[in-house]
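Please read the briefing below alongside the sequence and the coordinates.

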Amino acid sequence: DVTIWNNQSDGQWFSLASYPSDWISFEGGATSLVVGGYGQRTFRVGVNPPEDARGIRYGYTIAAIGEKTGRSSVDVVIPVQQRYAGVMLTDFSVSCSECSGETEFAATLKNVGNIELKNLALEFIAGQYSKSILIETLSLGEEKTLTTKFLVDKWAPGSYGASAKLSSSYGSGFKSAKFSVPEIKRIITTKSAQKNFWGSTIYTTIRNDGNVEDYTEVNSEKTNDIFIAVYPAEKPSSITGNALTWYAVLGPGEEKTISYSQVFWPIPFAGLFSLIAV
């Protein structure tokens, strides 16, 4: 901001100039202005260095040439900061040391330069899986924490490595951590029944939702009704009276359905008797 004082009783015009004139613009594009008698007027000079300007101090002389008072000037120095783009991967962590279910991975990026950064790619790696996240902008001095999740329930028990990897033209970084997945034993059993003319058919589905081989058994519904007979679709592992038992060993993710029929035997017997009578 430059102020002109007119020390004359009459108003006068002042021509404006800058030496050098590189990157200079006067407010409103004016090259001259009028100042009243014994008055003053302030105008703004814009300095717009290009992005590739050297990071040094630049000197300018701003001059005002009055009709009556002649030339008057003031010197100013404009420091130009060197453009510097830089980003750092400052932190990486796993939400647990012994993990099950959804496990969260977090990494922190920091803009250590003096310009805004755009389109940074960060890759999360856990075991044999990976996910990439795009950071659209990272402002000057900004620190941003990014998170992602991996579902580790079906992973085999053991120790795993995890890491975050930053690759960009502004900088790169790599940080790693360790976590483990314990043995998870989880057998899910669902049952359904379908009615028919003779009685009903019972379906039992067993699924291993754990991460290790597991054992389970399926038992037929107990009944003391002497008119109910049980007929399995698959040979049972053991029979105790009217109760059937199947044993099964399932690998991780394996599923099996066991079915049997409960028949009210007087119905088919009556049909057979009627046929013989006919």
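Arg207, Asp209 and Glu255 are joined to one another in a network of salt bridges, in what is a predicted model. The count of salt bridges comes to 8, and several of the pairs are described below together with the exposure of their residues. The strand pairings follow, and the confidence values close the briefing.

**Salt bridges**

- Asp1 forms a salt bridge with Arg44, in which the closest N and O atoms are 2.8 Å apart; this pair links distant parts of the chain, since Asp1 belongs to the segment before strand E1 (2-5) whereas Arg44 sits in the loop between strand E5 (40-43) and strand E6 (45-47), 43 residues apart.
- Asp1 has a relative accessibility of 65% and therefore counts as exposed, the cut-off for that class being over 50%.
- Asp10 forms a salt bridge with Lys68, with 3.3 Å between the closest N and O atoms; because Asp10 lies in the loop between E1 and strand E2 (12-19) and Lys68 in the loop between strand E7 (57-66) and strand E8 (70-79), the pair ties together parts that are 58 residues apart in sequence.
- Asp10 counts as partly exposed at 42% relative accessibility, and Lys68 is likewise partly exposed, with a relative accessible area of 48%.
- Lys149 forms a salt bridge with Glu102, the closest N and O atoms lying 3.9 Å apart, and this pair links strand E13, which holds Lys149, to strand E10, which holds Glu102, across 47 residues.
- Lys149 is partly exposed at 40% relative accessibility, whereas Glu102 is exposed, with a relative accessible area of 58%.

**The open sheet of E9, E10 and E13**

- An open sheet of 3 strands has the order E9-E10-E13, and its pairing is antiparallel.
- Strand E9 (87-94) and strand E13 (143-151) stand at the edges with a single partner strand each, so one side of each is left without a neighbour in the sheet; from one strand to the next, the twist averages 20 degrees.
- Strand E10 (residues 102-111) is joined to E13 by 9 bridges, the two running antiparallel, and within this pairing Lys110 has Glu143 in E13 as its bridge partner.

- Strand E11 (residues 117-126) and strand E12 (residues 129-138) run antiparallel and are joined by 9 bridges, with Ile135 in E12 as the bridge partner of Leu120.
- The hairpin of E11 and E12 has 2 residues between its strands, and Gly127 there takes a positive phi near 60 degrees.
- E11 is also joined to strand E14 (residues 158-168), by 6 bridges and in an antiparallel sense; in this pairing Ala126 stands opposite Ala162 in E14, and Glu123 stands opposite Lys165 in E14.
- E14 is in turn joined to strand E15 (residues 171-181) by 11 bridges, again running antiparallel, and the bridge partner of Gly161 in E15 is Lys178.
- E14 and E15 form a hairpin that has 2 residues between the strands.

**Confidence**

- The mean pLDDT of the protein chain is 89, and 94% of its residues reach 70 or more.
- Confidence is highest in E10, at 96, and lowest in helix H1 (residues 266-277), where the mean is 61.

Key
Residues numbered from 1 in each chain as written. Predicted model: local features only at pLDDT ≥ 70, side-chain atom pairs only at ≥ 80, totals over all residues. Heavy atoms only, no water. Pairing = 2+ DSSP bridges. Helix = DSSP H or I, 4+ residues; strand = E, 2+ residues; numbered from the N terminus. Axes fitted to C-alpha atoms, helices over the stretch in contact; angles between N-to-C directions. pLDDT = per-residue confidence, 0-100. Salt bridge = Lys/Arg side-chain N within 4 Å of Asp/Glu carboxyl O. Buried < 20%, exposed > 50% of the residue type's maximum accessible area, 1.4 Å probe, protein only.
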